[in-house]
Amino acid sequence: MSENKKFAKLNGFPASPVEVKSRREHTKSIIVSHPRYQKIMNRIEELHFYSSGSLQAETLFLYGETGVGKSTVLEEYTERFQREIIDGITIVPILYNKVPVGATPKSVASSLLSSLGDPAYDKGTEISQTDRLLHFIKVCKVELIIIDEFQHLIDRDTRTVLRKASEWIKKFSDDANVPIILCGMPESKRIFEHNEQLDRRFLDKEEIYGFQYITKEEQIEFRTFLKAVDEDLPFYNRTYLADKKLSDKMFYATNGNPYYVNKILVEATAFAAKSGSDSIDENHLYEAFRRIKNSKRPFVTNPFTNDKFNLFDAFELEQNKNKKLAKNIG
């Protein structure tokens, strides 16, 4: 059945390297607004809207494991509000910034200044940089500040680092008086344990997590997600990712993490296009999975092309091997 007519049929003829690259890039760019994703997007919209003209701007702390879509939803929201120059001043509705590795309050201020376009972003002391940042936030009419990869500010787990970082964030959020979203890995939550005032300032804490697959409703949600992805894959024919047997295998291979779903499909797209196929099949998924190594799952097995695959048995076997390794190490 013809599905995606944006991409021509290959009819068994291998795609050129340029075409393979084009199709890989298309797969990389696929974003599905599933219910959990939309819930976070709606929360950001509310925070942005309710803070406009308010006496006290609202805040939000988003956290979740790598690959669950934190940065994707934040970047998509940022892109909705383009910068523009009015009377010689650059208006920056959304100030989005990723905290650099090994950051300090000074380097965060410097990085935010750089994101605003300040040519002297790296000049001055922590205090002078922060003051300049607060000035430009007003001048550039910033409506929302997003600080992503927040865990990098507290990578060094010492009381001094945590105290200094928490004090800077608290004072900065109070002085800026615009809505602020902090986003990071789950371990970044520990900063709130070291500053009760900061914890009160960021009472709204929202976790973003990958898909689950235990209940019937959870399975339907994941399969609906796969169906939407399938409909946007760069091939003339569909792959039928939402088929129950194939969705079981996709869930096992990725543990419900959207990043790994996309990563497998990007590689499978290349294998399929190189072979001249007009859809991705399990052989392509098998080869794609072989190419991807997840160090957190040393005993994961390749579920694709396995006609006897059983989701429960596969997870149980992997878990038993992990327990045996832990026992031997212990």
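Of the 330 residues in this protein, 47% are buried, where buried means under 20% relative accessible area, exposed means over 50%, and partly exposed is in between, with a 1.4 Å probe and protein chains only. Before I go on: this is a predicted model, in which local features need pLDDT of at least 70, side-chain atom pairs count only at pLDDT 80 or more, and totals for chains, interfaces and linings use all residues. Residues are numbered from 1 along each chain as its sequence is written, and side-chain values use heavy atoms, with hydrogens and water left out.

The protein has 12 helices and seven strands; these are DSSP runs, helices being H or I of at least four residues and strands E of at least two, numbered from the N terminus. The C-alpha atoms fill a box of roughly 65 × 55 × 35 Å along the principal axes.

Now the aromatic rings. Rings of Phe, Tyr and Trp (its six-membered ring) pair if their centres lie within 6.5 Å; planes under 30 degrees apart are stacked, over 60 edge-to-face, and the rest tilted. That rule gives 17 aromatic pairs. One of them is Tyr213 with Phe251: the ring centres are 4.6 Å apart and the planes at 15 degrees, so this pair is stacked. Tyr213 sits in the loop between strand E7 (205-207) and helix H8 (216-231), while Phe251 is in helix H9 (residues 244-254), 38 residues apart. Both Tyr213 and Phe251 are buried.

The criterion is NZ of Lys or CZ of Arg within 6 Å of the ring centre and within 35 degrees of the ring normal. Lys205 lies likewise over the face of Phe192, at 4.6 Å from the ring centre.

Next, a helix pair. The axes of H4 (residues 105-116) and H5 (residues 126-139) come within 9 Å and cross at roughly 35 degrees; axes are lines fitted to C-alpha atoms over the stretch in contact, with angles from 0 to 180 degrees between N-to-C directions. Residues in contact (heavy atoms within 4.5 Å) include Leu112 and Leu113 in H4, and Leu133 and Phe136 in H5.

Last, two backbone details. Asn255, in the loop between H9 and helix H10 (258-274), has a positive phi of about 55 degrees although it is not a glycine. Thr305, in the loop between helix H11 (282-291) and helix H12 (311-329), has a positive phi near 70 degrees. Asn255 is partly exposed, at 42% relative accessible area, and Thr305 is partly exposed at 36%.
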